[in-house]
Amino acid sequence: MVDVDSFVAEKITEIGDAIGDANAVIALSGGVDSSTAAALAYEAVGDQLTPVYVDTGLMRKGETGQVRETFDYMDSLRIVDARERFLEELSGVTDPEEKRHVIGEQFIREFETVARDVGADYLVQGTIYPDRIESEGTIKSHHNVGGLPERIDFEGIVEPMRDLYKDEVREVARELDLDMSERMPFPGPGLAVRILGEVTEEKLAVAREANHVVEAELVEYEPWQALAAVIGKATGVKGDNRVHGWVVAVRSVESRDGMTARAQEIDWETLQRIQSRITGENENVSRVVYDVTHKPPATIEYE
Ligand code: XMP
């Protein structure tokens with residue numbers, strides 16, 4: 001990217017030329033990539049663009065409210081409450097790849113309903129360069145709206161940021177005054193890949209709260225990603241009782257593009273504060289551990 005103002009101006013013109021008088025849709029996740037692509041496309045075509053936010057129930061704490069607030073100026077914004085449908089589809093699913101598949105499928109179904117309803121001819125996507133590289137490999141089947149072009153006959157797909165790295169996307173987001181410009185990346189399948197085994201309402205509630213604590217407590221370390229995962233059950237003691245509670249793993253990594261990562265060194269006091277908040281705020285959590293593994297050999301997410 002040469003310079004950010006000319007990139008923005010150029011992309012707005014390009015998107016406008018590509019879409020013309022037609023209708024377009026974009027899946028908004030609340031993250032930097034899709035938000036930036038949506039803001040660029042909205043500048044280009046206004047309400048001809050319908051941004052669709054599917055509330056899967058697998059999102060970060062407060063995410064839906066934040067999306068509503070940030071994109072309030074877009075009259076065409078659609079927020080779909082699909083929380084119950086996702087939980088139902090995920091019931092009994094334990095295999096990580098199957099989980100991704102179920103989430104991807106349900107997401108497409110929800111999105112396709114809106115795309116058909118508005119008669120969208122174009123699909124705008126916040127794909128960035130590392131997404132293209134990673135999905136060429138077979139490390140994990142990344143969930144995005146990649147299955148849509150097969151299901152709906154779009155006239156075209158518009159990917160304004162397909163050649164950018166994450167740090168360049170953040171520059172564009174800052175230029176557009178988006179308040180999520182510095183947000184950590186969050187995986188498409190959301191908290192589901194931070195829960196080992198079946199996704200249940202109880203595990204989701206633990207994961208949501210724990211991720212909220214970890215993000216807030218580790219912000220000063222400026223991690224690429226800081227997260228919490230529900231990884232199993234272990235015995236603990238709370239008050240006078242032995243409990244068989246959830247084990248939460250905390251992870252904080254540095255990275256440029258997510259393809260490799262280094263576990264961060266976090267001071268003991270901060271780790272203890274995180275432990276005490278997570279076990280204190282969730283009566284069914286008995287243990288908190290810190291993950292010291294780099295990528296490779298681990299991946300950033302747990303599934
Ligand atoms: P892993 O866990 O593969 O993650 O080391 C690398 C980066 O990709 C994100 N990630 C995903 N993003 N759909 C996404 O949109 C996915 O299925 C997915 N899985 C992992 C992860 O958060 C990290 O930034």
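Before we start clicking: a salt bridge here is a side-chain nitrogen of Lys or Arg within 4 Å of a carboxyl oxygen of Asp or Glu. Also keep in mind that you're looking at a predicted model.

**Stop 1: a first pair.** Select E215 and R60. They form a salt bridge, and the closest N and O atoms are 3.1 Å apart.

**Stop 2: the two domains.** Now zoom out and colour residues 4-182 as domain 1 and 200-290 as domain 2. Their C-alpha centres sit 28 Å apart. Where they touch, domain 1 brings 12 residues and domain 2 brings 11. About 1,100 Å² is buried between the two domains, with carbon and sulfur atoms giving 59% of that area. Want to see which residues of domain 1 lose the most area to domain 2? Select K61, L87 and Y165: together they make up 44% of what that side buries.

**Stop 3: across the interface.** Between domain 1 and domain 2 you can count three salt bridges. There are also four residue pairs in polar contact across this interface. Next, show helix 6 (129-136) and helix 8 (166-175), which each supply at least two residues of the domain 1 side that touches domain 2. Helix 6 gives the largest share of that side, three residues. By type, the domain 1 side splits into six nonpolar, one polar and five charged residues.

Stop 4: Select D33 and K166, whose side chains meet in a salt bridge at 3.1 Å, N to O. D33 lies in helix 2 (residues 32-45) and K166 in helix 8, so this pair ties together parts 133 residues apart in sequence. Are these residues buried or exposed? D33 is buried, at 13% relative accessible area, and K166 is buried too, at 8%.

**Stop 5: helix 5 to helix 7.** Go to E105 and R151, which meet in a salt bridge at 3.4 Å, N to O. E105 is in helix 5 (residues 96-117) and R151 in helix 7 (residues 148-151), so the pair links parts 46 residues apart in sequence. E105 is partly exposed at 26%, and R151 is partly exposed at 30%.

**Stop 6: along one helix.** Finally, select R277 and E281, a salt bridge at 3.3 Å, N to O. They're four residues apart in helix 10 (residues 268-281), so about one helical turn separates them. R277 is partly exposed at 27%, as is E281 at 43%.

Terms used: Residues numbered from 1 in each chain as written. Predicted model: local features only at pLDDT ≥ 70, side-chain atom pairs only at ≥ 80, totals over all residues. Heavy atoms only, no water. Domains from an automatic or database assignment. Contact = heavy atoms within 4.5 Å. Buried area = accessible area lost by both parts, 1.4 Å probe. Polar contact = N/O pair within 3.5 Å; in protein donor to acceptor, adjacent residues only side chain to side chain. Nonpolar A, V, L, I, M, F, W, Y, C, P; charged D, E, K, R; others polar. Buried < 20%, exposed > 50% of the residue type's maximum accessible area, 1.4 Å probe, protein only.
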